[in-house]
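Dear colleague,

Please find the structure below, with the sequence alongside. My notes on what was found in it follow.

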Amino acid sequence: MENLSYSLYFMAQVLLLLIPLLLLSLKFGGVRKNQPRLPPGPWRLPIIGSLHHLFKSPLIHHALADLARRYNAPVMYLQLGELNAVVISSPDAAREVMKTHDVIFATRPLSATVRAGSMIADGLGIAFSPYGERWRQLRKFSTMELLSTKRVRSFRPIREDETARLVTEIAACPPGELVNITIRVATVVANSALRAMMGERFRRQEELLECITQAIKIATGFNIGDFFPSSRLVRAIDGTGRKAQAVQRKLFELVDHAVEQHRERRSGQSAIDSEDEDMLDVFLRIQEEGDLGCSLDVGDIKAIIVDLFVGGSEPTATTIQWAMAELMRNPNVMQRAQTELHCALQDKSRVTEDDLVDLPYLKLIIKETLRLHTPGPLLLPRECQEACEILGYDVLKGTIVLVNAWAICRDPKYWDEPEVFKPERFKEGTTDFMGTDFRYTPFGAGRRICPGLAFSLANVELVLAMLLFHFDWQLPPGVIPSELDMAEEMGVSIRRKRDLYLKPTLRVPL
C-alpha cells in the first residue's frame with residue numbers, strides 16, 4: 001500500500017508538470033497552425049533579411065531568377081530590410097496576380113524616394129498613382145485623349161519626319177565611318193516623343209534629357225533608404241531623398257518652360273482642330289473645360305508629361321537598339337527582314353506607316369526582341385491591398401509583389417530554346433502584347449498594363465523599318481556576330497551596357 005501510495009503521488013506530480021507543458025504545446029501549436037503559409041525563399045539575416053542575396057549581381061532580375069530556380073519557387077518570399085516582398089516567376093502565378101486578383105494588386109507601392117518632398121506634392125502622374133477613382137479618371141483621360149489609336153495616328157507626320165532626318169544624317173556620314181546607333185536611336189525617339197507632346201522641338205531639350213537620365217538613375221538605383229523607411233538615420237546617410245527632390249524640382253522647372261514655350265507658340269492662333277492637337281493642347285483644353293471628373297492641376301500635368309516621356313522614350317529606344325544588335329548577331333534573320341522590306345516597297349524611296357501593314361516578319365522580330373529583352377524585366381511593382389493566396393501561399397497585406405517577366409520569357413519550361421533569337425516562334429500569331437498570355441507580358445497585364453503600348457510600338461516599327469530599308473549594316477572591323485557584346489545595364493528599361501557601333505552602307509537614298 002505504501003508503494004502504491006508513493007506511485008500515485010509520483011504520477012500526480014508528473015501530471016501536474018505535464019499539464020502546463022501540454023497547455024503550452026496546444027497554445028503554441030494553435031498559433032503555428034494559424035500562422036500564414038509564406039512562400040519559400042532564401043535564408044535571411046537579422047535586420048537586412050534577404051538583401052545580401054541581391055548583392056551578387058548588379059542585374060536584379062538575374063539575381064531573382066537564379067534564386068527562384070535554386071529554391072524551385074515560382075512564388076518566392078523575400079524580406080528586404082523592413083519590407084516584405086514576393087517575386088513571381090511563372091505564368092500561373094503571374095495570372096493570379098494580374099488577372100485573378102488584379103484588383104488586390106492594382107496599386108503601386110510608394111518608396112521613400114518617391115515619397116520625398118515635392119515628388120508627392122506636385123503630383124504622381126499615372127504610373128505611381130494609388131489605385132482608386134482618381135487613378136481611374138487619369139487612366140481614362142490618358143487612354144481616350146492622349147494615347148488613343150486615333151491620337152497616336154495623328155502623330156504620324158512627326159514620326160515620319162524624324163525618321164527621315166535620321167536617315168539623312170546617317171547617309172551624310174563619311175563612307176566607312178562607324179555610327180553610334182545607341183545615340184542616334186535615342187535622339188530620334190526623344191525628338192518624336194517631345195514633338196508629340198508639344199508640337200515642336202523643346203529649346204532646352206539637352207537639359208531635359210540629362211535631367212531625366214539623373215531621375216532614372218535615382219529611381220532605379222539600389223537605394224538603401226527605401227528598404228528602411230522608418231529609419232531617419234538610414235535615409236539621411238543614404239541621401240537619395242535629397243537628390244530626388246533636387247532632380248524633381250529641376251525636372252518640373254523644365255516642364256514649366258516647355259509649357260510656357262508651347263503657350264507662346266499657340267498665342268494668337270485661332271481655334272485648333274482636334275486632329276492637330278498635341279498632348280499639351282489636350283491637357284490645357286481638358287483643364288479649361290473641367291470635364292475630366294476630377295481636378296487636373298499643373299502638378300498633375302507635369303507628372304503625367306514626365307511619365308509619358310520617360311515611358312515612351314527610353315524603353316522604345318532600348319527595344320530598337322536590342323533589335324539591331326540581335327539582327328547583327330543573326331545575319332540570316334537580317335537578310336530575311338530586308339528582303340521582306342524591299343519586296344513590299346519595290347520602287348519606293350522611303351517607308352511610310354502605311355507600308356508597315358505588309359511587314360509581318362518585322363513584327364515577329366519586334367515580338368522576339370521584347371521576349372529576350374523585356375524592357376521592364378520586373379514590370380512595375382505592385383502592392384497587396386488585402387491578404388490573399390497565390391498558388392496556395394499566403395501573401396500578406398502590404399507585401400510588395402514583383403513579376404519577373406524577364407525570367408518567365410526565358411524559362412525553358414515554357415519556351416523552346418529560350419536563349420535563341422527565333423522570330424518564327426511567334427509565326428502562329430496566338431501570342432500578342434495585350435496581356436492575355438502570361439508567358440509573355442512585356443507591357444504588363446490587367447488594369448496596370450502599359451497605356452502607351454501603341455505609342456511605343458509605332459516608333460519601334462517605323463525606326464527599325466527605315467534603318468533596315470535604307471542601309472546595309474556591318475559590325476566594326478574584327479568583331480564577328482557571335483562575339484558582339486550583349487551586356488546589360490539597369491535603367492528604366494534594361495539597356496545595352498555599351499553603345500552599339502555599326503558601319504552603314506547606303507542602299508536606298510531618300
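**Aromatic pairs and the core**

Phe155 is buried, as is Phe455, where buried means under 20% relative accessible area, exposed over 50% and partly exposed in between, with a 1.4 Å probe and protein chains only. This is a predicted model, in which local features need pLDDT of at least 70 and side-chain atom pairs count only at pLDDT 80 or more, while totals for chains, interfaces and linings use all residues. Residues are numbered from 1 along each chain as its sequence is written, and side-chain values use heavy atoms, with hydrogens and water left out.

Nine aromatic pairs turn up in a search of the whole structure; rings of Phe, Tyr and Trp (its six-membered ring) pair if their centres lie within 6.5 Å, and planes under 30 degrees apart count as stacked, over 60 as edge-to-face and the rest as tilted. The rings of Phe155 and Phe455 have centres 6.3 Å apart and planes at 85°, so this pair is edge-to-face. Trp415 and Phe426 form a tilted pair, with 5.9 Å from centre to centre and 55° between the planes. Trp415 counts as buried at 6% relative accessibility, and Phe426 does at 3%.

With kind regards
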